[in-house]
Amino acid sequence: MTNRFLNLYNHDYARVAVGVPQCRVADPAYNAQQTIAVARQAAKAGAALVAFPELGLSAYTCEDLFHQRALLDACEAALAEVVAASGKLAPALIVGMPLRVDQRLFNCAVVVAGGRIHGVVPKSYLPNYSEFYEARQFNAADCTSVSEITLLGQAVPFGSSLVFEAADQPLLRFHVEICEDVWVPIPPSSFAALAGATVLVNLSASNVLVGKAAYRRQLVAQQSARCLAAYLYSSAGQGESSTDLAWDGQALIYENGDFLAESERFLDTSHIIFADVDLERLAHERMHQTTFGQSVRRHADEVAKFRVVRMELPLPRDVALPLERAIERFPYVPADPARRDERCHEVYNIQVQALMQRLSSSHIKKVVIGVSGGLDSTHALLVCAKAMDRLGLPRTNILAYTMPGFATSDRTLRQARRLMEAVGCAAEEIDIRPSCMQMLKDLGHPYASGEEVFDVTFENVQAGERTNHLFRLANHKQAIVIGTGDLSELALGWCTYGVGDHMSHYNVNASVPKTLITHLVRWVAETGQLGGGAEPPAKAKAAAGSNVLIDILETDISPELVPGKGNGAPEQKTEHFIGPYELQDFNLYYTLRFGFAPSKVAFLAYTAWHDRDAGRWPDAAHATCNQYDLPAIKKNLRIFLDRFFRTSQFKRSCVPNAPKVGTGGSLSPRGDWRAPSDGEAAVWLARLDTIPDDVNA
């Protein structure tokens, strides 16, 4: 039975590797055998390519031995062994060796796959400073105009401007440079990326010095980020000469600035690292970031020098090959507690600063906000409180109203009252049931005659009355209405259009997803943001505020628009209608941020969520034990796709002003997302239908 869904290559990932074999100085036969052994490990793991260190077949530290014919002949013989072995291995092998071309010696990377040589790349920049004397033995790439050489009886492309493309996966295009090439102001790989290379490979030796490992990480991370590419980096390891230098065998893999893998340093054995590179993500980023295309145009002369070498790579597509890359369950919320706290601090302050600017520029000193005792209005109220503090205005300039309706629970009403007291805002309570009943009578709604008809009109009359009160209160009090709806609700259209929670004068939450709001509120509670000062009354107030925030976090998410059955539980639980927010936020992130097809979103969701223990929070307070199998993922993704693409855009086309807080995107028609209000979801749902219910199918 084939398994194409649970195979990373069928979702535009590629498994890549960096190997650091043990070596012996000037012993190519031994080095070839060590290289082949590591290559077999890469093949067994399903890798598409594996990169080895600079001059790995000879060892980097041969110095003037490089001009000895016996060594050079032995290196070619060693290459022949590697080429022969590659005939029985799937991945492309990129090995380093000295090579004679037209009576000159070059420091080269040789690309081998399927029992043949596909190209040779000479080093462009030869260091000749400090401990390096490469110009003594080698010539730089531009010292020859040869574009093809004969090597082991094959006619082989030669040059620093080669891009290698996998015939079965055109997004897998790699370029090779060598050590110093990436240390210069404009590395050759920069132009290679503009020429279409998505994976940049560096065969390096790079002796170790104090602090150098950290600098390599910075260098590789920055080059991968600037080039919107993956970057593979090797260093020479055990066996290189220690006459004057030492070697740590550091191997690195980054993708668009993100760390993927690093080897342990100073190992005394051969070692290899793997990473699953998201080729589609890289292609999408280049398409999205239009200045990348402008750079292609500006450097057209350099880009035109590149040749594409197509090569057959037997990618293992018909077997189960799950993703080994960590996929966070909560893409908007870092799993690491320190990074999560930093994220919360930054998002909170972006919201506060934006509201301060809006109040200052409009010369308005008061805000009106509806407080329900639920998550979104709670966090919006916290933002208002901090904004008033920073503007030097009293928190009583926050005019907070809780407006119980037909379905308001005692719990949320108590929480709203406690929260407003803890914040210290001007708190009032307006019972909207009389005005709602008048509206229902005017409409001739059955509920006004005593019938228990709880339809959408019944719900929206309440939502509309609340918003109508807030706007008129703002007029009356010379204030602006602060919106509380979040990004997740906008994505799913879970808001009452127009005169409802859809509308406000300014919305502080509009680009913050529900999963992040949950952690923002928890962060405020844990850090005592509600209080101020060191005096006992202030400390007691902060503690009371934190306690009510924890209670709010433990409350079921509900619009509370339909009366319950008298058991204290809400009749409406939002996630029963639109799916779990934790899963829908996951779907939103990968659909909005990267434009991934539903099949890939489902593959990522399965990777993240099917195992109860995978992706567990590192601290017990934020642990999750939820688990979703593939049918559940498909069911909720269908809800998301239909609501996001077909039914909800008209609400997003006219949303109030709101600050964008993260690279995950926003849904403002003035910012990240412009879409037709009458679009269809058919093409996304059709792709969803191609996903099997059984991961083994």
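**Close-up views of a predicted model**

**View A. A six-stranded open sheet.** An open sheet of 6 strands runs in the order S5-S4-S3-S2-S1-S14, with mixed pairing. Strands and helices are DSSP runs numbered from the N terminus: E of at least two residues for strands, H or I of at least four for helices. Two strands pair if DSSP finds at least two bridges between them. Strand S5 (116-122) and strand S14 (271-278) stand at the edges, each with a single partner strand, so one side of each has no neighbour in the sheet. From one strand to the next, the twist averages 30°. This is a predicted model, in which local features need pLDDT of at least 70 and side-chain atom pairs count only at pLDDT 80 or more, while totals for chains, interfaces and linings use all residues. Residues are numbered from 1 along each chain as its sequence is written, and side-chain values use heavy atoms, with hydrogens and water left out.

**View B. The S1-S2 pairing.** Strand S1 (residues 13-20) and strand S2 (residues 49-51) run parallel and are joined by 3 bridges. Ala17 faces Val50 in S2 across this pairing. Strands of a sheet pair through backbone hydrogen bonds, either parallel or antiparallel.

View C. S4 and S5 form a hairpin with 2 residues between them. In the turn, Gly114 has a positive phi of about 60°. The two strands run antiparallel, and 6 bridges join S4 to S5. Cys108 stands opposite Pro122 in S5. S5 is mostly covered: 6 of its 7 residues are buried (buried means under 20% relative accessible area, exposed over 50%, partly exposed in between; 1.4 Å probe, protein chains only). Helix H2 (residues 69-86) lies across strand S3 (92-101), strand S4 (104-113) and S5. The direction of H2 is at about 155° to S3 (axes are lines fitted to C-alpha atoms, for helices over the stretch in contact; angles run from 0 to 180 degrees between N-to-C directions).

View D. The whole structure holds 0 disulfides (a disulfide is a pair of cysteine sulfur atoms within 2.5 Å). Cys143 is in none; the nearest cysteine sulfur, that of Cys108, is 12 Å away. Cys143 has 35% relative accessibility and counts as partly exposed. Cys344 is buried, at a relative accessible area of 1%. The closest cysteine sulfur to that of Cys344 belongs to Cys384, 18 Å away and too far for a bond.

View E. An open sheet of 7 strands has the order S13-S12-S11-S10-S9-S8-S15, with mixed pairing. Strand S13 (258-262) and strand S15 (307-311) are its edge strands, and each pairs on one side only. The twist averages 20° from one strand to the next. Inside this sheet, strand S10 (residues 199-203) and strand S11 (residues 230-233) run parallel, joined by 4 bridges. Val201 stands opposite Leu232 in S11. Helix H5 (residues 212-226) packs on the sheet and touches S11, strand S12 (252-255) and S13. The direction of H5 makes about 30° with that of S12. Helix H6 (residues 279-288) also packs on the sheet, touching strand S9 (169-178), S10, S11, S12 and S13. The direction of H6 makes about 85° with that of S9.

**View F. Helix H9 against helix H15.** Helix H9 (residues 337-362) and helix H15 (residues 514-527) pack at about 95°, with their axes 10 Å apart. H9 is therefore roughly perpendicular to H15 (65 to 115 degrees; under 35 is roughly parallel, over 145 roughly antiparallel and the rest oblique). From H9, the residues that meet H15 are Arg340, Asp341, Arg343, Cys344, His345, Val347, Tyr348 and Gln351. From H15 come Leu516, His519, Leu520, Trp523 and Val524. By class, this contact has 7 nonpolar, 3 polar and 3 charged residues (Ala, Val, Leu, Ile, Met, Phe, Trp, Tyr, Cys and Pro count as nonpolar; Asp, Glu, Lys and Arg as charged; the others, Gly among them, as polar).

**View G. The surroundings of Pro188.** Pro188 is found in helix H4 (residues 188-194). At 13% relative accessibility, Pro188 counts as buried. Leaving aside neighbours within four places in sequence, Pro188 contacts Ser124, Tyr125, His175, Glu177, Asp181 and Phe306 (contact means heavy atoms within 4.5 Å). Pro188 and Tyr125 are 63 residues apart in sequence, yet 9.4 Å apart in space, C-alpha to C-alpha.

**View H. The whole protein for orientation.** The protein has 22 helices and 20 strands. Its C-alpha atoms fill a box of roughly 100 × 60 × 45 Å, taken along the principal axes. Of the 697 residues, 57% are buried.
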